[in-house]
Amino acid sequence: MADDDALRAHVLRRLTFGPRPWQAVDLAGTSPSDLVEQLLAAEPFWPDPPEFGSDDDYSRVLEWWLDVMLDERAGLHERMVWFWHGHLTSSLDKASAALMHRQNQLLRTHAMGNFRTLLQEIAVDAAMLYWLDGAGSWAGDPNENFAREVMELFALGRQAGYTEADVANGAIAFSGWWVDGDNDDEVRFDPGAGPTGPVEFLGRSVASAAEAIDAICDHGACPWWISGNLHEHLVGVWPDEARHAELAGVFADSGLEIRPLVEAIVRHPSFLETRLNRPRTGLEWYLAFRRLFDIRLDPWPLDGLGQMPFVPPNVAGWPGQARWMSVGAEFAKAKLAWDHTWETATLDEADPVGDLLGRAGLHEVSDATRATREEAAAAVENRRDRASLLHALVAVCPEFSLG
């Protein structure tokens, strides 16, 4: 097993948006398992909201959340806000920056709370109503988008066994909601546009959005789907059959409480043992890059890296792991590193490579990675040129792209 510095860096990569430079070493008095417990026990970070009402609201909300993620007070709770944003998607493509921020606050409120409550509230959230065309849907001819996606992607999974009749009747149950743009985008329900009576949905009779969400959350596939997705996010792989059954049981027995599920995942030995097994996503790499280079950076490079917050590519969120190590992604990383390499700080003259790897939180690198950077350092005489070159080379090394 890796040494404790490497294990602490792993914990910080998976449970926060860290590590910050040398953070794993600075925590030398804290064992990796104790660090997990500290992060589980940490209070949520509640940042001040951005100010809206100008022409740059779009960029303002993006920069606001990136700054929040980089704040040293952002920990596991913030990580879970990000997880839910990618799982219960909505987008600036259809909702205003203010509404996306409002949804962010909803996710922030319930990130470690109860999944049923979270799903009840997201179902009638203004940004979600716009995103999946639920705003203005009426029971006589309801839009089916949310009814389909809440089962297929958000709560049950594609193999849950729901039918087209469930989608159609669920759409009726979810109808009648609209967003009042003349009154601070308040979400309202119009009884005249909503269901006129009960419909059959997932084997029970429902007559409202709330009853439909309850039916979804009571379905046997719900604990299985959520526990698998969260395990994949935190551990990097879908759980095997036995582990999956165990986690689904924890989630179901708790009444769909999120915290006990998170605790069961990260307290298991597999969490510390399964390291460097998945790519850093575009956002994770971008945040690590900003920390390493110690610069303020516009959010727009995230477009080239393929993961702009508040703008998922579709309702399924950002796709799987392969794209984060694609040729296009690697070229985008290399360009970013080269464009900013001359703004870097100088390094410890005695061990510039070790200094930079520590700043990057890379305490577990291959012999080849270290050797090629040592050769590069030896080939450059000027201290600033050496630091610039090494920053770029570390930013594009294989380990820096692994989460």
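Predicted model: local features only at pLDDT ≥ 70, side-chain atom pairs only at ≥ 80, totals over all residues.
**Entry 1: closed spaces**

I began with the general idea that rolling a probe the size of a water molecule over the atoms shows where empty space is left. I then looked up the cavities and found 5 of 30 Å³ or more. The largest cavity has a volume of about 130 Å³. I noted that 16 residues line the largest cavity, and that Ala123, Leu129, Gly134, Phe146 and Phe174 are the closest to its centre. Helices α8 (126-131) and α9 (145-155) each give at least two residues to this lining, and α9 gives the most, with 3 residues. By class, I read 11 nonpolar and 5 polar residues in the lining of the largest cavity, with no charged ones.

Next I turned to the second largest cavity, which holds about 90 Å³ of space. Its lining has 13 residues, and those closest to the centre are Arg13, Phe17, Gly18, Arg280 and Glu284. Helix α16 (residues 282-293) supplies the largest share of this lining, 4 residues. I counted the classes here too: 4 nonpolar, 3 polar and 6 charged.

**Entry 2: open spaces**

I looked up the largest pocket and found a volume of about 680 Å³. Of the 24 residues lining the largest pocket, Asn229, Glu232, His233, Trp318 and Pro319 lie nearest its centre. Helix α5 (76-87) and helix α12 (221-235) each supply at least two residues of this lining, and the largest share, 5 residues, comes from α5. The classes are 10 nonpolar, 9 polar and 5 charged.

The second largest pocket has a volume of about 230 Å³. I found 23 residues in its lining, with Leu39, Arg73, Ala74, Gly75 and Leu76 closest to the centre. Two or more residues come from each of α3 (32-41) and α5. Helix α5 again has the largest share, here 3 residues. The lining of the second largest pocket divides into 10 nonpolar, 5 polar and 8 charged residues.

**Entry 3: helix α18**

I checked the length of α18 (residues 327-340): its 14 residues reach 20 Å from first C-alpha to last, close to the 20 Å expected at 1.5 Å a residue. Which residues of α18 are buried? I listed Ala329, Lys333, Leu336, Ala337 and His340. They cover an arc of only 95 degrees around the axis, so they sit on the same side of α18. Val327, Phe331, Lys335 and Trp338 are exposed on the other side of α18. Last, I looked up what the buried residues of α18 pack against, and found α16, α17 (301-305) and α21 (383-395).

Technical notes: Residues numbered from 1 in each chain as written. Heavy atoms only, no water. 1 Å grid on protein atoms, 1.4 Å probe; cavity = no way out; pocket = protein on both sides within 12 Å on 5 of 7 lines; lining within 4 Å. Points joined across faces, edges and corners; volume = space filled by probe spheres on them. Nonpolar A, V, L, I, M, F, W, Y, C, P; charged D, E, K, R; others polar. Expected span 1.5 Å × (residues − 1). Buried < 20%, exposed > 50% of the residue type's maximum accessible area, 1.4 Å probe, protein only. Arc of directions from axis to C-beta. Contact = heavy atoms within 4.5 Å.
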